[in-house]
Amino acid sequence: MMQQKQIVELISYMIEQDNFPYDIQIETNGTRPMSQELAEFIQKTTAGVENGKINWHFSISPKLWNVAGEKDEDAWKPEVIKRYFEVNPAGWLKFVVNNREETWEELNCKTTTLREIDVKYPVYVMPVGSTKNAQGDSDVLGPMATRAVNEGYHISGRLHCLLWKNVTGV
């Protein structure tokens, strides 16, 4: 969402060349408002692959205070997430969680807030940890996965942590 103008320009060019991806995923933390230009472009180009149009998806990863330590005024913008959903309901939310009770309470509170404003993206939880060892500890992951399922969440791993550990720029 930091390059909205460039997204429109690039995909417009690819459409003109009749060489465009049928599926586009926008990865965001859900804090940057969507420009009117991008909103209109997504709506104009969304009609399904069978019609020669694009399937847009939002992959939204809001940060939890109890995991990332980012203050809500910086990291939590439910009205921005709602706008994404209004423009295109195809997508999901992903929260990195640990097994602390405060984290689950915060996750449930944020999920409730989104449901109250009619944001119906499915919610995935991913275990905190940036190394293979942290991602592979079944004593931690098993109870976390069980709790996630019991509370109505989906589960996702963090493949990049297994492959590259905590290295950036690979």
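Helix α2 (residues 36-45) packs on helix α5 (residues 78-87) at about 30°, and their axes lie 10 Å apart. The two are therefore roughly parallel, a label for angles under 35 degrees. Axes here are lines fitted to C-alpha atoms, for helices over the stretch in contact, and angles run from 0 to 180 degrees between N-to-C directions. Helices are DSSP runs (H or I, at least four residues) and strands likewise (E, at least two), numbered from the N terminus.

This is a predicted model: local features need pLDDT of at least 70, side-chain atom pairs count only at pLDDT 80 or more, and totals for chains, interfaces and linings use all residues. Residues are numbered from 1 along each chain as its sequence is written, and side-chain values use heavy atoms, without hydrogens and water.

From α2, Gln 36, Ala 39, Ile 42 and Gln 43 make the contact; α5 supplies Arg 83, Glu 86 and Val 87. Contact means heavy atoms within 4.5 Å.

Now the other partner of α2. Helix α1 (residues 4-16) and α2 cross at roughly 30°, their axes coming within 9 Å. So α1 is also roughly parallel to α2. The crossing is left-handed: the near helix is turned anticlockwise from the far one by less than a right angle. In α1, Gln 4, Lys 5, Ile 7, Val 8, Ile 11, Ser 12 and Ile 15 meet Glu 37, Leu 38, Phe 41 and Thr 45 of α2.

Back to α5. Its buried residues (under 20% relative accessible area, 1.4 Å probe, protein chains only) are Pro 78, Val 80, Ile 81, Tyr 84, Phe 85 and Val 87. They pack against β1 (23-28), α2, β2 (55-60), β3 (91-97) and α6 (101-116).

Methods: Angles under 35 degrees count as roughly parallel, over 145 as roughly antiparallel, 65 to 115 as roughly perpendicular and the rest as oblique. Buried means under 20% relative accessible area, exposed over 50%, partly exposed in between (1.4 Å probe, protein chains only).
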